[in-house]
Amino acid sequence: MPDFGGDPETHVLPYTDEVRLKTDHLYAKVSGFIPEFEWRLHAPFIAAINDLKHERNAVTHNYMTPEIYHCVGDFAGDSLQLAKEAQRTDADVIVQAGVHFMAETSKILCPEKTVLIPDLRAGCSLAASITGADVRLLKQKYPGAPVITYVNSTADVKAETDICCTSSNAVEVVEYAAKEWDSDIVLFLPDQFLARNVAAMTDVKIITWAGACEVHERFTAQDIREMREGTPGVIVLAHPECPPDVLAEADFAGSTSGIINYVKDKQPKNVVLLTECSMSDNVAAENPNVNFVRPCNLCPHMKRITLPKILTALQTMEHKVEIDADIIEKARGAIERMIALPLTRQSMYTHERAPEVMAVEARV
Ligand code: SF4
């Protein structure tokens, strides 16, 4: 196994007969997205990573590029599903091929395992919008209001949280928390658009934070109108991290798994996914009879994770995710409270009432 120094992005490995034998079956899954000349660059890294994984373990996320998602990943899903899978695996090492908050979530749920992230700069606009200190100030301002935090957040924010949520259970978690903490208002952090979209589905009063996903906040209702003009009859599916006026124009709004299930079950002729490009590509690979119109937006943070960096992480066992034990304990409580909820349905996002929140707080 070659062991390189320097910038992994400059590494090149030869495409040999051995590599071809080890990877041809994988190319069948991604040939619709990756031209052959590009595949010859990826395949040697895929073969090397998969060889090293006999000793270790790697996970991927739905938003990762197809050559990672389909060719070196062991588990796929949203950030929480990945962390739960990581908990179940008996491997000692987890390479989190996603952004930093996902690696932290894996470490929180599996503190005894070594969790590696291939690029420390793989951040997230949403997670970076708020700190644990911000949450402590909010708690002083709104005493008694339960703190609900989207899983797309850092460990120190989760540690200040009463209960976490995902986009697939956010409405139910808000209603549960208001009842459990006997409060008619809740703090819902840090995504202001998800908060507004939840507010359209519940009577609970929501205070939120001025955070947003830089991928989803860029979609507009005008984009949808133009897509419908360009492809008459196209079905538009939106993630609830998009602004409320975008959801109001869409045919369906739901979490990542909600969107995947919609496409799988309904097999629309033409569909557009208002989400990250790689997620759209990965759903397309699994639904060959559906035509995907692709005005997607790229997540620059997810794209920092590449095959050469995953290989380097496995070779060097860097970069290890470390979190203080007391933060892990508090943050795990917030995640486990959510996991323990007996939720029987996915959150629905229809705009039956105005998507208004009580306040949008920001750092002063
Ligand atoms: S897609 Fe949005 S929420 Fe996900 S990592 Fe990128 S910026 Fe963060």
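This is a predicted model: local features need pLDDT of at least 70, side-chain atom pairs count only at pLDDT 80 or more; totals for chains, interfaces and linings use all residues.
Two strands are taken to pair when DSSP finds at least two bridges between them.

Widening the view, S8 and S9 belong to an open sheet of four strands, arranged in the order S9-S8-S10-S11 with parallel pairing. The edges of this sheet are taken by strand S9 (252-253) and strand S11 (291-293); each has a single partner strand, so one side of each is left without a neighbour in the sheet.

A further open sheet is built from five strands, and here the order is S5-S4-S6-S7-S12, again with parallel pairing. Strand S5 (163-165) and strand S12 (359-361) stand at its edges, and because each has a single partner strand, one side of each lacks a neighbour in the sheet. On average, and with direction ignored, neighbouring strands of this sheet are turned by 30 degrees against each other. Within the sheet, strand S4 (residues 147-150) and strand S6 (residues 185-189) are joined in the parallel sense over three bridges, and Val-147 finds its bridge partner in Leu-187 of S6. Helix H15, made of residues 325-340, lies across S4 and S5 and runs at about 60 degrees to S5.

The helices also meet one another, as H2 and H14 show. The axes of helix H2 (residues 36-52) and helix H14 (residues 307-316) come within 9 Å and cross at roughly 25 degrees. Angles under 35 degrees count as roughly parallel, and the crossing angle therefore makes H2 roughly parallel to H14. The crossing in which H2 passes H14 is left-handed. On the H2 side, the contact is formed by His-42, Phe-45, Ile-46, Ala-48, Ile-49 and Leu-52, which meet Leu-307, Pro-308, Ile-310, Leu-311 and Leu-314 in H14. Sorted by class, the residues of this contact comprise 10 nonpolar, one polar and no charged.

Finally, the model holds a ligand, and 13 residues surround the ligand. The closest of them are Val-99, Cys-124, Cys-213, Val-215 and Cys-299. By class, the shell around the ligand consists of eight nonpolar, three polar and two charged residues.

Note on methods
Residues are numbered from 1 along each chain as its sequence is written. A residue is near a molecule or strand if its C-beta atom, placed from the backbone, lies within 6 Å of it. Ala, Val, Leu, Ile, Met, Phe, Trp, Tyr, Cys and Pro count as nonpolar, Asp, Glu, Lys and Arg as charged, and the others, Gly among them, as polar. Helices (H or I, at least four residues) and strands (E, at least two) are DSSP runs, numbered from the N terminus. Axes are lines fitted to C-alpha atoms, for helices over the stretch in contact, and angles run from 0 to 180 degrees between N-to-C directions. Angles under 35 degrees count as roughly parallel, over 145 as roughly antiparallel, 65 to 115 as roughly perpendicular and the rest as oblique. A crossing is left-handed if the near helix is turned anticlockwise from the far one by less than a right angle, and right-handed if clockwise. Two residues are in contact if their C-beta atoms, placed from the backbone, lie within 7 Å.
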